[in-house]
Amino acid sequence: MNDYTRYGTGAPVADTKAPDGPIEDRWDTRRFTAKLVNPANRRKHRVIVVGTGLAGGSAGATLAEQGYHVVQFCYQDSPRRAHSIAAQGGINAAKNYRNDGDSIHRLFYDTVKGGDFRSRESNVRRLAQISVEIIDQCVAQGVPFAREYGGLLDTRSFGGVQVSRTFYARGQTGQQLLLGAYQALSRQIAAGNVEIHPRTEMLDLLVVEGRARGIVARDLVTGEISTHLADAVVLASGGYGNVFYLSTNAMNSNATAIWRAHRRGAYFANPCFTQIHPTCIPRTGDHQSKLTLMSESLRNDGRIWVPKEKGDTRPPADIPEAERDYYLERIYPSFGNLVPRDIASRAAKNVCDEGRGVGPGGQGVYLDFADAITRLGRRAVEEKYGNLFEMYERITAENPYEVPMRIYPAVHYTMGGLWVDYDLQTTVPGLFAIGEANFSDHGANRLGASALMQGLADGYFVLPATLNDYLARHPAADPVDPAHPAVTEAVTATEERLRRLVSVDGDRTADSFHRELGELMWELCGMSRTEQGLRKALDRIPQIREEFWRRIKVPGTEAEFNQSLERANRVVDYLELAELMCLDALHRAESCGGHFREESQTPDGEAARRDDEFGYAAGWEFTGTGRPPVLHREELVFTEVHPTQRSYA
Ligand SMILES: Cc1cc2nc3c(=O)[nH]c(=O)nc-3n(C[C@H](O)[C@H](O)[C@H](O)COP(=O)(O)OP(=O)(O)OC[C@H]3O[C@@H](n4cnc5c(N)ncnc54)[C@H](O)[C@@H]3O)c2cc1C
């Protein structure tokens with residue numbers, strides 16, 4: 001038996017920050033009880049923010065606007081190239097402009113249910129409440145949301161809901177929102193309140209006397225290692241989907257910031273909760289290093305189908321209507337093509353496994369706009385989705401106005417992340433995590449258009465109201481000695497790790513190890529998981545890790561621009577994180593949301609939760625590489641939305 005699976009169980013972890021009382025009052029109560037820092041004292045506090053995506057960009061700008069001195073990092077050459085720029089479809093908010101029955105409570109309800117009852121109610125209720133303020137904030141910044149003829153902001157529908165609450169800017173919502181946050185950040189950079197460090201990668205967290213007090217970073221251009229000290233550290237470093245090698249994430253998105261923080265004491269929550277998005281362009285071969293998302297918004301008008309017969313290879317136009325299976329509309333008549341992502345992805349896998357998939361290798365289903373074009377006209381379809389259609393055509397050389405798109409599920413988002421309390425503070429005092437880097441709001445499955453909402457809620461509204469409380473309790477008068485042993489130990493460890501990577505001088509690239517790990521994860525810890533498969537993965541990962549340290553080849557040195565070294569260093573962390581993901585998936589012997597354990601399904605093949613045994617968030621504590629971690633459970637209490645078997649039929 002693999003030793004790593006003999007994990008220990010520690011004391012439960014509990015959120016102590018969300019106040020009691022009616023759920024709709026909790027956020028106001030917390031904001032009132034949180035201590036404030038006098039405006040004159042704020043500039044004495046240095047706050048590090050790692051990340052400049054929607055979460056980090058909005059946080060940095062807002063904290064600086066409040067008067068804090070912000071020191072901010074990203075590995076791109078400009079903050080506005082953060083992965084958030086790729087977000088296409090939209091951002092949710094309970095504005096109810098359409099008067100179609102939406103409300104804060106409904107957004108709260110949909111999100112708790114959509115997450116398959118594995119998120120914390122207080123957080124989700126707050127998210128729904130803040131959603132309406134986000135839109136106002138972004139409109140005030142000039143974000144060009146789509147508008148209707150009368151001038152009101154337009155909305156569309158996303159999966160898992162029956163109202164139209166997704167605000168969008170064509171297929172470029174992330175880009176437009178990020179430009180809004182970036183301009184607010186730029187104002188603060190120009191004002192001298194934000195010190196920005198592009199092309200600088202955080203490689204370790206400095207924990208001094210039990211508190212997060214800074215980071216160790218590497219200048220990606222010169223290779224220089226530096227330390228940065230502060231009164232608090234905020235990680236807004238995004239998700240870890242690239243552990244699978246192929247995903248819809250930007251190629252450079254990685255797990256190093258959160259994994260290094262985990263190694264320094266921050267619990268990692270629900271690492272196995274990954275989201276597989278149903279509408280991605282299918283993989284075409286081994287040469288690929290990335291997959292491309294086709295926005296979920298396309299499911300508003302596109303109809304998903306496969307041939308009724310197995311092995312039907314006729315071109316789609318030759319398959320008569322009566323011989324097509326619009327399987328989502330058939331199985332889930334209430335939500336049809338707009339079922340949540342986990343459900344749509346599994347359904348696509350099922351029809352492909354039955355031999356009814358289309359395209360090369362039968363790994364695809366059609367997303368067909370013929371009806372929409374007939375109903376609305378080509379021009380209207382072009383206005384809504386033009387840039388997505390163009391992108392599809394450029395990649396596949398097929399014109400989606402004329403032939404249906406082919407799509408297949410792919411890794412897209414990670415619901416797991418650093419465990420945080422209601423204040424977004426991790427288990428390391430002074431270390432906060434926001435945006436996709438934390439685990440907080442989406443449970444076991446995120447609804448479409450809710451990541452941008454959460455990132456901006458965290459950055460513009462939540463953190464700026466809760467960080468005060470921590471800083472007020474830790475006045476700025478106790479600077480860390482740069483020669484403190486905890487600082488020098490972290491710097492030495494970082495330098496040694498990089499030196500070791502360069503000195504192995506083996507015969508395999510970091511990419512080859514990453515690809516091998518990714519394929520293993522996709523096969524055994526991907527869309528569906530079994531005990532046997534997970535045990536196999538847990539046996540194999542330490543072997544890959546051992547081989548990595550024997551055979552890795554990193555040309556060049558650590559003291560220069562060296563992208564092979566950057567990649568290799570990230571793969572080191574993936575090789576540890578992947579192991580924890582598999583253990584988490586193994587220990588959670590139930591199905592919920594994106595985590596589908598084949599042993600736990602209903603007679604119709606839907607995810608079967610086991611609330612009595614697994615109605616908790618799993619917070620894992622690191623004890624050493626390859627050593628069994630310790631599980632700390634956070635029991636989830638539902639007083640408002642009572643757990644039921646999710647039904648979208
Ligand atoms: C193709 C695609 C389309 C999407 N569309 C939508 C959508 O329509 N609606 C929606 O709600 N969600 C969407 N999502 C999800 C959403 O885009 C992300 O969850 C969200 O943008 C994450 O934002 P973030 O600020 O948390 O992190 P990111 O945008 O990933 O930013 C991370 C930042 O951290 C920095 N960073 C990371 N590690 C380090 C380090 N070690 N040192 C220094 N800096 C570091 C990076 O440089 C970057 O600035 C989409 C995702 C993808 C992949």
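**Exercise 1.** Which residue does the UniProt annotation "active site" cover? Then place that residue in the fold.

*Solution.* First, the ground rules. This is a predicted model: local features need pLDDT of at least 70, side-chain atom pairs count only at pLDDT 80 or more, and totals for chains, interfaces and linings use all residues. Residues are numbered from 1 along each chain as its sequence is written.

Step 1. The annotation, from an unreviewed UniProt entry, covers Arg341. UniProt positions are given in the numbering used here, feature names are shortened, and annotations may be inferred rather than shown by experiment.

Step 2. Arg341 is in helix 9 (residues 341-353). Helices (H or I, at least four residues) and strands (E, at least two) are DSSP runs, numbered from the N terminus.

Step 3. Count the surroundings. Arg341 has 27 other C-beta atoms within 10 Å, so Arg341 is buried. The cut-offs: buried means 20 or more other C-beta atoms within 10 Å, exposed means 12 or fewer, partly exposed lies in between, and C-beta atoms are placed from the backbone.

Step 4. List the contacts, leaving aside neighbours within four places in sequence. Arg341 touches Gly159, Gln275, His277, Pro278, Asn445 and Gly448. Contact means C-beta atoms, placed from the backbone, within 7 Å.

**Exercise 2.** Describe how domain 2 meets domain 3.

*Solution.* Step 1. The chain is divided into domain 1 (33-273 + 415-473), domain 2 (277-412) and domain 3 (501-635). These bounds come from an automatic or database domain assignment.

Step 1. Take the distance. The centres of domain 2 and domain 3, over C-alpha atoms, are 30 Å apart.

Step 2. Count the contacts. Six residues of domain 2 contact five residues of domain 3. On the domain 2 side, helix 9 supplies the largest share, five residues.

Step 3. Sort that side by type. It holds one nonpolar, two polar and three charged residues. Here Ala, Val, Leu, Ile, Met, Phe, Trp, Tyr, Cys and Pro count as nonpolar, Asp, Glu, Lys and Arg as charged, and the others, Gly among them, as polar.

**Exercise 3.** How many residues surround the ligand, and which are the closest?

*Solution.* Step 1. The shell has 44 residues, and the closest are Gly51, Gly53, Gly89, Gly238 and Gly435. A residue counts as near if its C-beta atom, placed from the backbone, lies within 6 Å of the molecule.

Step 1. Find the elements. Those giving two or more residues include helix 3 (54-66), helix 6 (173-190) and strand 8 (200-208). Helix 12 gives the most, with four residues.

Step 2. Sort the shell. It divides into 19 nonpolar, 23 polar and two charged residues.

**Exercise 4.** Why is helix 4 described as largely enclosed by the rest of the structure?

*Solution.* Step 1. Eight of the 11 residues of helix 4 (residues 104-114) are buried, so the helix is largely enclosed. Among them are Ile104, Leu107 and Phe108. Asp110 and Lys113 are buried too.

Step 1. Find the cover. It includes strand 4 (91-92), helix 5 (121-141) and helix 12.

Step 2. Just after helix 4, Asp116 takes a positive phi of about 55 degrees.

**Exercise 5.** Is Ile319 buried or partly exposed?

*Solution.* Step 1. Ile319 sits in the loop between strand 14 (303-307) and strand 15 (324-325).

Step 1. Ile319 has 19 other C-beta atoms within 10 Å, so Ile319 is partly exposed.

Notes
Contact = placed C-beta atoms within 7 Å.
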